[in-house]
Structure formats: structure tokens, C-alpha cells
Amino acid sequence: MAGNALDRVLVLEMVRVTEAAAVAASKLIGRGNEKAADHAAVEAMREALNQLEFDGTVVIGEGERDEAPMLYIGEKVGAAQGSGPRIDIALDPLEGTTITAKAGPNALAVLAIAEEGGLLNAPDVYMDKIAIGPDYPDGTIDLAKSPADNIRALAAAKGVQPSDIIACVLDRPRHEKLIAELRALGCGIMLIPDGDVAGVIAVTDPDTTIDIYMGQGGAPEGVLAAAALRCVGGQFQGRLVFRNEDERARAARWGVQDLDRIYHLEDLAKGDVIFAATGVTDGSLLEGVKRRKGCITTQSVVMRASTGTVRWVKGEHRHEPGHHCE
């Protein structure tokens with residue numbers, strides 16, 4: 001059965017991969033060098049993936065081969081090429097390169113895997129996104145409707161006024177009109193500097209007080225966020241945004257034919273899916289990497305769609321066996 005493909009890839013192995021990337025990137029927190037931080041995370045994640053007994057293909061990666069020397073779309077990873085289970089991988093070794101360079105909140109190392117064909121091979125373009133958490137009626141949100149209409153529908157489903165809703169939006173000039181429309185309704189808006197995977201996942205956690213994620217971010221991050229929501233529940237819709245002919249041509253190369261299509265959760269991530277993330281800097285979802293005397297600590301989350309399991313993993317990585325973490 002294809003459904004058993006992920007059974008041979010232990011869930012905790014995915015955490016080891018994101019931990020490796022997060023620890024590598026953490027050495028460059030606050031150092032002002034985005035490229036160096038990203039490069040360190042990419043190298044560490046690639047090395048960790050290549051130790052796993054699977055036949056993996058990167059379907060969401062650092063970009064196309066001519067732009068990304070490692071973990072590019074189409075790259076083969078894993079120690080069992082041609083013989084192990086065939087796995088599709090979506091990854092962002094450092095989601096929040098600018099955040100990391102400036103020591104801001106919510107930088108993550110992120111990874112999702114699915115059986116072959118389970119993840120949308122999204123081109124590296126922008127995506128309009130809207131997401132809410134679980135326990136709402138199907139169809140509560142609809143990208144074809146205005147932001148104001150979506151807020152009203154969500155408020156009605158929650159049994160509150162539109163002014164009681166809090167939306168998470170990336171702090172970008174392109175969102176000025178969206179922000180004005182939400183403020184006209186009296187909504188609270190949590191503006192985030194970067195890291196929209198964490199922003200989308202935040203809608204599933206009542207402790208964040210975020211009800212809805214709205215706005216435009218990267219399409220690859222949309223697939224990663226959808227993979228997480230497939231595991232824990234929620235609603236997500238995305239629509240690819242093309243700014244020029246080059247981006248339309250890129251989409252055609254990946255087999256995207258309907259440029260206006262609205263993608264739903266299962267269009268982006270279907271079948272059994274495992275999602276893992278490790279905090280690089282402290283954030284709403286996870287604590288960041290901490291360097292202590294004798295060890296490094298990490299916090300990760302790993303989720304699986306087929307079982308609905310969510311595991312929170314606190315790691316102590318000791319410099320020398322037997323030494324205490326202080």
C-alpha cells in the first residue's frame with residue numbers, strides 16, 4: 001500500500017532534519033548576514049536528509065536549479081535512491097532569513113513530506129492566501145470573496161462581531177489596501193515582519209488569539225503551511241499570483257494550466273503528510289535555539305495527517321556525552 005510509504009520514514013527522523021538546520025542557522029542569529037544564515041541551514045538540512053533511507057525528491061525547495069546550488073526543486077536526496085520509499089519533500093531550511101539576520105521572532109526550519117505526488121509542485125511565485133483554524137463549517141472562507149466578506153462570515157461562524165476578529169497579515173506595502181479594509185471593520189491586525197508559515201499555523205492555536213491569516217506571500221510557503229493544516233485541521237485557500245510573463249512561463253514549466261485556480265487544502269497537500277518545524281528564534285509557535293553551557297537546546301513540533309498526532313519535542317544536544325545542560 002502507498003499509505004505505508006511514510007511508515008518507513010520515522011516521524012522523529014524529520015525532527016532531526018529540522019533540528020540540524022535550525023542549530024546551523026542559529027550560529028548566525030543577529031549577525032546581519034541573510035545569505036550566510038540560509039546557506040548554513042541548507043547545508044545542514046541536505047546532509048541530514050541524505051542520511052535517511054528513502055528515495056526523496058525535493059518538490060518545494062530553495063528555487064530552480066540554476067538559482068540554487070543545493071536543495072533545488074527536483075534535487076534527489078536520501079540514502080536509498082532507486083530502492084527506498086519514494087517521498088516528495090517540501091522544505092524551507094530557514095523560513096525567515098531576514099528575521100534571523102536581525103534576531104527577530106518566528107524564524108523556523110521547516111519540512112513537509114508526503115508520498116510521491118502528494119504535494120503541489122508550486123512555482124516560486126507569490127500566492128494569495130487565506131486560512132482559519134479547525135472547527136468551522138466547510139466553506140466559511142472563500143478567496144473569491146472580498147476580505148470584508150470573509151471577516152463577516154468568520155465572525156458569524158464564531159458567534160462574534162467582525163470587530164472581535166484578529167487577523168494576521170505580513171507587514172508589506174502591497175497589503176495597504178487589505179489592512180485599510182480590515183481596519184474599516186474594526187478588526188485587530190497582527191502585522192508580522194516575515195515568516196508566514198508560522199503566521200498560518202498560528203490560526204490553529206487559540207493561545208495566539210489569531211483568528212485568520214490573510215494576504216500575499218510565497219507559494220512554496222503556502223504548500224508548507226497547507227501541509228501543517230492537513231495534520232491539525234483548518235481551512236486554507238491559495239491562488240497563484242503572476243507579476244510578469246516570466247512568472248507565467250515558470251508556472252507553465254511546472255504544469256500549471258489554470259492560472260486563476262483557487263487551490264484548497266487537499267490540492268496543495270494530500271494523502272498522508274508529515275510536517276516538522278524547529279524554532280530558530282523565539283516565536284508564537286516554538287522557542288528558538290538556546291546555547292547553554294555544555295549543550296544546545298531546541299524545540300520542535302512534528303505532526304502527521306493520517307493519525308492527527310502532534311508531538312512537541314524538546315531536544316538537548318550535548319557537546320560531550322554525560323555533561324549536564326546548564
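Mentor: Residues are numbered from 1 along each chain as its sequence is written. In this predicted model local features need pLDDT of at least 70, side-chain atom pairs count only at pLDDT 80 or more, and totals for chains, interfaces and linings use all residues, while side-chain values use heavy atoms, with hydrogens and water left out.

Trainee: At which residues does UniProt place the feature "binding site"?

Mentor: The UniProt entry is unreviewed, and its annotations, given in the numbering used here with shortened feature names, may be inferred rather than shown by experiment. The residues span 130 residues in sequence, yet no two of their C-alpha atoms are more than 8.4 Å apart, so they gather at one spot. The residues named in the record are D92, E95 and E221.

Trainee: Is D92 buried or exposed?

Mentor: Buried means under 20% relative accessible area, exposed over 50% and partly exposed in between, using a 1.4 Å probe and protein chains only. Because the relative accessible area of D92 is 10%, D92 counts as buried.

Trainee: Which residues is E221 in contact with, leaving aside its neighbours within four places in sequence?

Mentor: Contact means heavy atoms within 4.5 Å. E221 is itself buried, with a relative accessible area of 19%. Its contacts beyond those neighbours are D92, E95, K129, D196 and V197.

Trainee: Which residues are buried in α2?

Mentor: Helices (H or I, at least four residues) and strands (E, at least two) are DSSP runs, numbered from the N terminus. What covers the buried residues of α2 includes α1, β2, β3, α3 and β4. Those buried residues are A37, D38, A40, A41, V42, A44, M45, A48 and L49.
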